[in-house]
Amino acid sequence: MKIIYIIKTLPATDTKGTRIKITEAESQLSWAIPYNYKFNNSKDVALDYLENERGRKADFYHTIGNETIIIFK
């Protein structure tokens, strides 16, 4: 079974810094994680987070505009 995540960058507000929104495509469950500035972009932040949480490498990812789609098998 493939798990698909949609990644978006949430801009900083007056009270919160830049965040990454991760949405699981099938269930529409989403959560936000803090932007980690040691990475160059939100895709890399999300890949690092998901790989550490899921314990596996992404099979495919593609960026379209300000969204990135990441697929795990």
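Me: In which loop is P11 found?
Reply: The model is predicted. Within it, P11 is found in the loop between β1 and β2.

Me: Is P11 buried or exposed?
Reply: The relative accessible area of P11 is 60%. The exposed class begins over 50%, so P11 is exposed.

Me: Which residues does P11 touch, leaving aside those up to four places away in sequence?
Reply: P11 and D44 are 33 residues apart along the chain, and their C-alpha atoms are separated by 16 Å. With residues up to four places away in sequence not counted, P11 touches G17, T18 and R19.

Me: Which element gives the most residues to the largest nonpolar core?
Reply: This core has 13 residues, and Y5, I7, I20, I22, L50 and I70 touch the most other members. Two or more residues come from each of β1 (3-10), β2 (19-24), α1 (42-54) and β5 (67-72). The element that gives the most, with 4 residues, is α1.

Me: Which residues does I70 touch, not counting those up to four places away in sequence?
Reply: In soluble globular proteins, nonpolar side chains tend to be buried together. I70 is among the core residues that touch the most other members. Its contacts, not counting residues up to four places away in sequence, are I3, I4, Y5, I7, A46, L47, L50, A58, F60 and Y61.

Me: How are the rings of Y5 and W31 arranged?
Reply: The count of aromatic pairs comes to 3. For Y5 and W31, the ring centres are 6.2 Å apart and the planes lie at 85°. Y5 lies in strand β1 and W31 in strand β3 (residues 30-34), so the pair ties together parts that are 26 residues apart in sequence. Planes over 60 degrees apart count as edge-to-face, so the arrangement of Y5 and W31 is edge-to-face.

Me: Which class of accessibility does W31 fall into?
Reply: Y5 has 1% relative accessibility and therefore counts as buried. W31 has a relative accessible area of 23%. Buried means under 20% and exposed over 50%, so W31 is partly exposed.

Me: Which residues do ring pairs link into a cluster with Y5?
Reply: The rings of Y5 and F72 have centres 5.8 Å apart and planes at 85°, so this pair is edge-to-face. The pair links distant parts of the chain, with Y5 in strand β1 and F72 in strand β5, 67 residues apart. Both Y5 and F72 are buried. The residues that ring pairs link into a cluster with Y5 are W31 and F72.

Key
Residues are numbered from 1 along each chain as its sequence is written. This is a predicted model: local features need pLDDT of at least 70, side-chain atom pairs count only at pLDDT 80 or more; totals for chains, interfaces and linings use all residues. Side-chain values use heavy atoms; hydrogens and water are left out. A nonpolar core is a set of buried Ala, Val, Leu, Ile, Met, Phe, Trp, Tyr and Cys residues joined through side-chain atoms within 4.5 Å. Buried means under 20% relative accessible area, exposed over 50%, partly exposed in between (1.4 Å probe, protein chains only). Contact means heavy atoms within 4.5 Å. Rings of Phe, Tyr and Trp (its six-membered ring) pair if their centres lie within 6.5 Å; planes under 30 degrees apart count as stacked, over 60 as edge-to-face and the rest as tilted.
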